[in-house]
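Visitor: I have not looked at this one before. Could you walk me through it?

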There are 2 protein chains.
Amino acid sequence: MQKVDLIITGGKILLMDEQNTHLENASIAIDKCDIIAIGSSFDISKKYSAKKTINAENSLIMPGFVNCHTHAAMTCFRGIADDLELMDWLNNYIFPAEAQNVNKNLAYWGTMLGCAEMIKSGTTTFKDMYIFEDETARAAKEAGMRCLVGEVLFDFSSPNIKTPEEGLAYTRMLLEKWKDDPLVNIIVEPHALYTCSPSLLTEAKKLANEFNAPVGIHLLENKEEREQLKEKFGKGAVAFLKDIGYLDDKFIAFHCVCFDDDDINLFAQHDCKIVHNPASNMKLASGIAPVPDMIKSGVTVGLGTDGCASNNNLDMIKDMSLAAKLHKVARLDPTVMDAQSVVRMATIEGAKVLGMDKFIGSLEVGKKADIIIIGLNKPHLTPLYNEYSHLVYAASGADVDTVIINGKLVMENRKLLTIDENEVMQKVREIAVGIKESLKK
Amino acid sequence: MQKVDLIITGGKILLMDEQNTHLENASIAIDKCDIIAIGSSFDISKKYSAKKTINAENSLIMPGFVNCHTHAAMTCFRGIADDLELMDWLNNYIFPAEAQNVNKNLAYWGTMLGCAEMIKSGTTTFKDMYIFEDETARAAKEAGMRCLVGEVLFDFSSPNIKTPEEGLAYTRMLLEKWKDDPLVNIIVEPHALYTCSPSLLTEAKKLANEFNAPVGIHLLENKEEREQLKEKFGKGAVAFLKDIGYLDDKFIAFHCVCFDDDDINLFAQHDCKIVHNPASNMKLASGIAPVPDMIKSGVTVGLGTDGCASNNNLDMIKDMSLAAKLHKVARLDPTVMDAQSVVRMATIEGAKVLGMDKFIGSLEVGKKADIIIIGLNKPHLTPLYNEYSHLVYAASGADVDTVIINGKLVMENRKLLTIDENEVMQKVREIAVGIKESLKK
């Protein structure tokens, strides 16, 4: 009898492996941060004894969600301005609110609030781009969340960074400081092609190559950006990225709403990755990314919530529901973006996008234990014919009961174990008072 | 000091009256089924004492949602078949499953499960169309839900009805039986123009007129239906409805996806009502109803979830989120369908659609007490700048804590008081075993 730290027993399991294996009355044995064994509850109980056992009867066990694009600290701006023209929204609300209020304190507490929300809706890993990302990393680590974080780089200054050179130096600091961390990973993140000079882009890519780190960027989020960049470069934005050596398997582009077939083919040829953000694209009226075509062409596509200024939540189940429905109605074809494919986007495909699929994204022996348990004994999840269908079309983030990240319990029966959520909410409410005041000026 | 049955105290209140009044630290006094007073907590506490007081600190008090179109008993088919071509879905799954399984037992328990789900996500009134609607009415009444129900009428037979004449007679029975019920109201519901002969349509309207009842019908749900009806009638479907005397203020059309400007103008001229079902329209790839144009033209538009075979849930907050986002992206205009307008669609405008706005849909003295209380002290609802924004873009059905219908508490702190939810889920699971078996044949 082998002694392990934790056994989750008696549940239905979606492994999200390449075969989309589905197990009934099954168990998972976890030791330290690793998945040691997966099998029938009977087999596991004969081979392993555990310090702690979680009964997952009437529950679904699956890998935690991978949120491939957010700005976690922007929880502080949740709902401050909606339903506005893009430029009105940016210039009269978001930019002034950010310029006057974003500091280390906001970055830390805003991220902590984001982590509370993400854990409570089943996300175990998030990819972040914002300001003061060392604070983001610190908050995520304290919350026990896995993350891939990068300081936003652009030509102009931010509350944290005065020059492009400072931004690159800060990113280098992050890459060195967090190099061997079990939870925090670093990405190099130029903001967008319309906010970064070619030299900043080139230096950013050099830095990423030096550390074998991924590069992420907002790309072709709407029609105006596409037209503006075409005029600026005299060619398509993706063709330009190819010229400057960006297109490789560690390149991640967010949004990609206005991609045409040539863009998709270039991404497929170079194994570049795409993050789809349906809630943000719909709410900001950016447009509809050709996601079914991207997937058909072999591009790996993950799912992201974007930040709380443009969503206004960090619930991956909501974005799964939108990803499944939006493309059906846009193409008048109910067969595109089936539920299982969408759950894959939110788990293993997302892990591939972030370059983390070797150790997360599916439940397999040898991978890290990033696991969520969803209670099924609820009216809106009854009856149960198909788990993927329920996840995408009926569930909500509040159905997630228990969350394990890197082998550690971070939420049990909806109680957060790593975050004092009342303290976090109080801190962010205080920050919000300042934000409201600053917008009155 | 006037003694009343119930006081809800200390909350933020959205009245959803014509002025969209918003109150802070306010209270509502309720006696029997009526709202007696609304005002500051201080004023109410001086004038009224209550048998029971609910503390709504850190909570939002608002009218319950009005689900203007569903097939509640179809919860039994939730997730049985998704992501399929419409005709494959209908002919190989839904129709055979219904033909073999729908009976009084399914209608009763399926509705009861639907009521559990609706109450738990803040719906207090629903409009239903299905088979064995006397069972639907019975279940709703036992659950304490307000409803407007109608037996589906068509030329062919159903598990309940053999001929059109029988359908009309059954509807007459419903109209007479439930005439003076405080919760159950009856609507006359021909299924659609492609399933009902002109004579059935005419007789149905006559029956409705005799009882001063509303008439509801599925209308122009997709392009195929529009083309088919145009060929059948030699004119547009709405023009045909005008000819047969259907267009008046008691006429309610569901879906209306393929409405053109002429259709909208005819509806506006005759004060006809429309129910928008965004989740169903997206999931079935029916198309995008021109809802912003309908509202601009003065047509009253409510919101519905449709049934659980095509949604697959009955959560009005999810449909609010879709209604707000879908039209923005379809029109590339982030200003259409603002949050406040969408919350109105889900409450007072829905009540107008059902002809019930004299007594529900907003919180006003003299109206019935159909009230929900939503807890705001949660990470995903923090900070709070705008309540409408949170309802539409951040909340979920699970945030609804307490529900009062017709003055009666039906859920308190998420515990259902009128329904034994474990019994209901067990009954529907048993029904689902039969449904699965029947589809194997």
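Guide: What follows is a short tour by question and answer.

Visitor: What kind of model is this, and how are things numbered?
Guide: It is a predicted model, in which local features need pLDDT of at least 70, side-chain atom pairs count only at pLDDT 80 or more, and totals for chains, interfaces and linings use all residues. Residues are numbered from 1 along each chain as its sequence is written, while chains are lettered from A and ligands numbered from 1 in the order in which they are written.

Visitor: What are the scores?
Guide: The model has ipTM 0.97 and pTM 0.98. For chain A the mean pLDDT is 97, with 100% of its residues at 70 or more; pLDDT is the predictor's confidence in each residue, from 0 to 100.

Visitor: How many residues of chain B are in contact with chain A?
Guide: 55 residues of chain B are in contact with 55 residues of chain A. Two residues count as in contact if their C-beta atoms, placed from the backbone, lie within 7 Å.

Visitor: Which elements give two or more residues to that side of chain B?
Guide: They are helix 3 (104-120), helix 10 (278-283), helix 12 (316-331), helix 15 (387-393) and helix 16 (421-440) of chain B. Helix 16 of chain B gives the largest share, 6 residues. Helices (H or I, at least four residues) and strands (E, at least two) are DSSP runs, numbered from the N terminus.

Visitor: And by class?
Guide: The side of chain B that touches chain A has 25 nonpolar, 15 polar and 15 charged residues. Ala, Val, Leu, Ile, Met, Phe, Trp, Tyr, Cys and Pro count as nonpolar, Asp, Glu, Lys and Arg as charged, and the others, Gly among them, as polar.

Visitor: What rotation superposes chain B on chain A?
Guide: A rotation of 180 degrees, with 0.0 Å of shift along its axis, does that at an RMSD of 0.0 Å. The two copies are therefore related as by a two-fold rotation axis. In chain B, the C-alpha nearest the axis belongs to B:Ala398, 3.3 Å from it. The same surface serves both copies, since 100% of the contact residues of chain B recur in chain A. The superposition is by least squares on the C-alpha atoms of residues with pLDDT of at least 70 in both copies.

Visitor: New topic. What is the strand order in the open sheet of chain A?
Guide: The order is 11-12-13-14, an open sheet of 4 strands with parallel pairing. Strand 11 (215-219) and strand 14 of chain A stand at the edges with a single partner strand each, so one side of each has no neighbour in the sheet. From one strand to the next the twist averages 25 degrees. Strands pair if DSSP finds at least two bridges between them.

Visitor: How many bridges join strand 11 to strand 12 there?
Guide: 5 bridges join strand 11 of chain A to strand 12 (residues 251-255) of chain A, and these strands run parallel. A:Gly216 stands opposite A:Ile252 in strand 12 of chain A.

Visitor: Where is there a hairpin in chain B?
Guide: Strand 2 and strand 3 of chain B form a hairpin with 2 residues between them. B:Lys32, in the turn, has a positive phi of about 50 degrees. Strand 2 (residues 22-31) and strand 3 (residues 34-40) of chain B run antiparallel, joined by 6 bridges, and B:Ala26 stands opposite B:Ser40 in strand 3 of chain B.

Visitor: Which residues of chain A have a positive phi?
Guide: Among them are A:Asn58, with phi near 60 degrees, and A:Asp306, with phi of about 60 degrees. A:Asn58 is in the loop between strand 4 (48-55) and strand 5 (59-63) of chain A, and A:Asp306 is in the loop between strand 14 and helix 12 of chain A.

Visitor: Are those two buried or exposed?
Guide: A:Asn58 is partly exposed, with 14 other C-beta atoms within 10 Å, whereas A:Asp306 is buried, with 27 other C-beta atoms within 10 Å. A residue is buried if 20 or more other C-beta atoms lie within 10 Å of its own, exposed if 12 or fewer, and partly exposed in between, with C-beta atoms placed from the backbone.

Visitor: And which peptide bonds are cis?
Guide: One of them runs from A:Asn311 to A:Asn312, with omega near 5 degrees. A:Asn312 is in the loop between strand 14 (300-303) and helix 12 (316-331) of chain A. A cis bond also joins B:Thr382 and B:Pro383, with omega about -10 degrees. B:Pro383 lies in the loop between strand 15 (371-375) and helix 15 of chain B.

Note on methods:
Axes are lines fitted to C-alpha atoms, for helices over the stretch in contact, and angles run from 0 to 180 degrees between N-to-C directions.
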